[in-house]
Amino acid sequence: MSEHESHQGEEAAVSCDQFLTFSLGDDEYGLDILSIKEIIEYVELTRIPLMPDFIRGVLNLRGLVVPIIDLLARFGNEPAQTSRRSCFVIVELATDEGPLELGMLVDGVNDVVEISSDNIEPPPSFGNQIRADFIFGMGKIAGHFIVLLQINKVLSIDELSMLSEINQSVAQACKANLSEQTRQQDHENE
């Protein structure tokens, strides 16, 4: 085997993954593009009482109740201030109760980038404002690093279960409200 053929085999072994990059405060983060369902511009949310500070509320997404978390607040910072670039990144997580759609409030979406596996460093054990288990790795792009998140680790099992229960409760309340409205309309039409 020639040196050129050997080098081509090494290149094939290095995989490239695509990541959506976004801003939170002064920092840049990335999420595996395969975990993202869609990106939605910022709209006002319905607040849910007695929720942790990092849960901003819920969004009605084509009849589906989607909890929205504030990633800055989840990472222990002050809640995010919204701007004209603020948006929601919608992801789907696997839970014991089934798939859960979840939105994340971000300051702005930047780009989709490819990062080869040899340009992803392990999470640092110090010096970062967020817990190391939230981080998949540090992606090196054009001489700087972005924090690559493990979205399934950003929320605990208990928090995911709570969000799933919220989804079910709000969905049941909406159905009950629609049924009551239909009954009232039928009664008025008689």
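1. For the record, strands pair here if DSSP finds at least two bridges between them, and strands (E, at least two residues) and helices (H or I, at least four) are DSSP runs numbered from the N terminus.

2. Before going on, some housekeeping: this is a predicted model, with local features needing pLDDT of at least 70, side-chain atom pairs counting only at pLDDT 80 or more, and totals for chains, interfaces and linings using all residues. Numbering starts from 1 along each chain as its sequence is written, and side-chain values use heavy atoms, leaving out hydrogens and water.

3. On the other pairing, strand 4 (residues 55-61) runs antiparallel to strand 5, with six bridges between them. Leu59 faces Val66 of strand 5 in that pairing. The hairpin has two residues between the strands, and Arg62 there has a positive phi near 50°.

4. Strand 5 (residues 64-70) has six of its seven residues buried, so the rest of the structure largely encloses it. Buried means under 20% relative accessible area, with a 1.4 Å probe and protein chains only.

5. Zooming out, I count four helices and eleven strands in the protein. Of its 190 residues, 39% come out as buried. Taking contacts (heavy atoms within 4.5 Å) with a separation of 6 or more, 57% are between residues 24 or more positions apart.

Notes. Buried < 20%, exposed > 50% of the residue type's maximum accessible area, 1.4 Å probe, protein only.
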